[in-house]
Amino acid sequence: MDTIASLFSFITTPVSWVIVQFHSVYGSIFGPDTGWAWGLSIVSLVILIRICLIPLFVKQIKATRAMQTLQPEMKKIQERYKNDKQRQSEEMMKLYKETGTNPLSSCLPILAQSPFFFALYHVLNSIASNDTIGVINERLLESAQKAHIFGAPLAAKFTDSPDKVEALNSSLTDVRVVTAIMIVLMSLSQFYTQRQLMTKNVDTTVKTPFMQQQKMLMYVFPVIFAVFGINFPVGVLVYWLTTNVWTMGQQMYVIHNNPTPGSKAQAAYLERLSKHVARHGKTRNRRERAIVKAIVTKGRDRNEYERKFINGLNKAGLAAQADGTVIKSESSAAAQAEGGTTTATAAPKRQQPKRQPKSKRHSGSVKPAGEPTSLTKADAPQDQDAKPAATKGNAKPAGNGSTRSRAQSGQRKGPQRPKSPSKK
C-alpha cells in the first residue's frame, strides 16, 4: 500500500495544504490539538473534492443510463457472436461509437478521487510515522499526533500493535472499537447506496446480465470495504465514511428529482408532478419542463408510467405541449366558457322509449292524453268490421265465408307440398 500511495506523492502537498487551511479555521473554534479540528478538516476536504467532482457525477449518471439503454443491443451482439470474441469486441466498440457512450464514464468519480484518497493516506501514514510531509511541519505534526477522535488517534489503525498505539497516547481497545464502528458504518452506507440504486432507480423493463452484476456488486463492495478498512488509519476511515454519506445523499437527490425512465422512482416522481400540475395548471421550473418535453417527444415510445402521467393530465383538462409547458385543453376551455366549469360536459345519452307492459301492448284501449303513442302493430286500434287480411300464399276464404287467420295446429303456413309416395 505504501508503494501505491507513494505514486501519488505529487499531490500530497496540495492535499496537506488544504487540510492545514481548514485546520487553522476549526482550530480557532475547537482548539488546534483537538480531534474535532483535524477531523472536520478531513470532512471539509471531502466536501470540497466532491463539489469539484459534481460535473463528473452528472456525466456518470448519463453514462450509466446510456449503458442501461444499450443492454438489449449488447445482449444480441453477445448471442450472435458468442463463438467469435474478436468480432464481438469489434461490434461492441462500433455500438459505443454510434451511440456516443463510454463504459468507463460510470467509473469517473471513483477514478478522479483516487489520487486524493491515496495522498491523504500517505499524509496520515507519515503522521503516524512521525515524519513531516508537504506543508505539515514539526509543530503541526505534533498537533496531529495529539488529536483523538472519540479516543482513537487520527493516525491509528485497527491492526496496530499495542506499543504503537501507546506511543500515540491511546489504548488498543479504544482504537479497535472506534475503527470497527466506522468500518461497519462505511460498509452499511455503501450497501444502502447500491441497494437504493437497484431497487428504485433501475429500469424494471430491462432484464440483462448487467443488472445481475450490479446486484452482485451490492454485496461485494461492503465486504471489500470491511476487509481493507482494518488497514486504514482513523483519518482515512473518516474520509471514506464521509464520501460514502455524500454519495448516498447525492444519489437520493437524483433519484427523487431526476429518476431513471421506467423505474419505480420515476413512477413516484410523475405521480407527484401530476398532482402539482393538476393543482396549479403549470410546471414549476425548467427541470420539470424538460421532463415533460422529453415525455411528449417520445410519442408512442412512452413507458407505462409516462402514459399514465399524460392520461392524468387529460383527465384534469390539461394538455402537455412539445416545449414542456402545460395548457388547458380545448374541450375544457369550451366547457368553462359555456358553464363555468373546468371539465368538459359529457354529451347527453340517447333516450330509449320505455317498454310498455304486455297488457297494454295487446289491448286496443286508447292511450291517455300526453302519453306518446307507440307505433307497434300490437297497439294499433283494430276495426272489428274491417276485413281480415289475406293469409300467406293468397289463400282464399272457405265456402261459408269465414276466414282462417292461422294454420291448423301441426301444419305449416302457406301452400303445402304434396307428399311423395314412399319408395319400397
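This is a predicted model: local features need pLDDT of at least 70, side-chain atom pairs count only at pLDDT 80 or more; totals for chains, interfaces and linings use all residues.
Local features need pLDDT of at least 70, side-chain atom pairs count only at pLDDT 80 or more, and totals for chains, interfaces and linings use all residues. Residues are numbered from 1 along each chain as its sequence is written, and side-chain values use heavy atoms, with hydrogens and water left out.

Start with helix 14, which covers residues 304–315. Helices are DSSP runs of H or I with at least four residues, and strands are runs of E with at least two, numbered from the N terminus. Helix 14 has twelve residues and spans 17 Å from its first C-alpha to its last, close to the 16 Å expected at 1.5 Å a residue; the expected span is 1.5 Å times one less than the number of residues. Its buried residues are E306, F309, I310 and L313. Buried means under 20% relative accessible area, exposed over 50%, and partly exposed in between, with a 1.4 Å probe and protein chains only. Seen down the axis of helix 14, the buried residues fall within an arc of 95°, so they line one face of the helix; the arc is taken from the directions from the helix axis to the C-beta atoms. On the other side of helix 14, E304, K308 and K315 are exposed.

Two loop residues come next. F150 sits in the loop between strand 1 (148–149) and strand 2 (152–153). Phi of F150 is near 55°, a positive value in a residue other than glycine. F150 counts as exposed because its relative accessibility is 69%. N169 lies in the loop between helix 8 (162–167) and helix 9 (172–200), and its phi is near 60°, again positive in a residue other than glycine.
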